[in-house]
Amino acid sequence: MTDPTAPILPSLSSALADMIARRKSAIVSVHSHRSRASGFIWKPGLIVAADEPLADEGEISIRFPDGSERPASIAGRDHTTDIALLRVDTGNSAPVALSPIVPDLGSLAVVIAAEQGVTAAALGMISLVGGRWRSMRGGEIDARIELDVRLRRTHEGGLVLNASGEVVGMAVHGVRRILVIPSATINRVAGRLETHGRIARGYLGVGLQPVELDDGLGAMV
C-alpha cells in the first residue's frame, strides 16, 4: 500500500529549507558582556535584537553569517517591550521586510536565529493568539502571540516566520513561555528608538514618607 504522506513530507521539508535560506543572510549573532543572543537587520546600519539578554555595560559586537565581526553601539533600548536597536555597519546585507500579519492559532511557524554567526532554525506552532496587551513592565504589545517551540537563550531575538515565509515578529523568552513580539510593535518601537534613542513615557514624581500621628500612622507626600 502506498504511503499517502510520502510526497508531502519531502515537499514540506524543501519548502522550509528554501524559506530559511532566503532569510538567513539578515540574521546575526549579538555578543555583549557574557551574553550571546540573536538579532536581525532591520534597516541598513540598524539591527533589532532582544533587550533582555543584552548586557547593561561593556562592548557589543555583531557576528554576520559570512563570519565577519564588527563593533556595534546602542541606538536605543526599551525594556518594556524587550526591543533594542543597535547601530553597526551592515555592509551590503539586505534588511528584513516585516509583515503586520498576525499568525493564526494552530499555524506553523519557523524561528530563524544565529549560533556564533551560524544560522539555526526551529519549527513550532502558534499556541495562543490574543489582542493588544501590556507587558509586566508596562510596554504596549500590539498582539498576544505565544509560540510552542524550544528556544535556546542564544536564539532569543530571532525572526519568526509564518508558513508563507512572511516575518511576523521576533521570538523572546516570557515567563514560562515563548512570546512573539509582533512586527507592528517592532516597527513602532524601533522607529522611535531610531529617532529619539528612547521611548518617552509619562511619570508621576511623587515621594511618600510615613509619619506618626496621634491617632495612628499617616503619610507625607
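Predicted model: local features only at pLDDT ≥ 70, side-chain atom pairs only at ≥ 80, totals over all residues.

Q: Fine. Which residues of S14 sit on each side, and are they buried or exposed?
A: Ile178, Val180 and Pro182 lie on one side, Leu179 and Ile181 on the other. They are all buried, and both faces of S14 are covered.

Q: How many of the strand's residues does that make?
A: 5 of 5 are buried in S14, residues 178–182.

Q: Which strands does S14 pair with?
A: S11, residues 144–148, pairs with S14 in the antiparallel sense over 2 bridges. S13 also pairs with S14 in the antiparallel sense, over 5 bridges.

Q: Which residues face each other there?
A: Leu147 has Ile178 as its bridge partner in S14. Met170 stands opposite Ile181.

Q: What about the turn between S13 and S14?
A: That hairpin has 4 residues between the strands. Arg176 takes a positive phi near 60 degrees there.

Q: New topic. Where is Ala163?
A: In the loop between strand S12 (159–162) and strand S13 (167–173).

Q: Why does Ala163 count as exposed?
A: Because its relative accessible area is 64%, and exposed means over 50%.

Q: What does Ala163 touch, leaving out residues up to four places away in sequence?
A: Met19 and Leu108. Ala109 is 6.0 Å from Ala163, C-alpha to C-alpha, though they are 54 residues apart in sequence.

Q: And which residues make the nonpolar surface patch?
A: Val102, Leu105 and Val129, with about 240 Å². Val102 is in the loop between S6 and S7. Val102 counts as partly exposed because its relative accessibility is 37%.

Technical notes
Residues numbered from 1 in each chain as written. Heavy atoms only, no water. Buried < 20%, exposed > 50% of the residue type's maximum accessible area, 1.4 Å probe, protein only. Contact = heavy atoms within 4.5 Å. Patch = residues over 30% accessible without salt bridge, like charges linked within 9 Å, V, L, I, M, F, W, Y side chains within 5 Å. Areas by Shrake-Rupley, 256 points an atom, 1.4 Å probe, with all protein chains shown as cover. Salt bridge = Lys/Arg side-chain N within 4 Å of Asp/Glu carboxyl O. Pairing = 2+ DSSP bridges.
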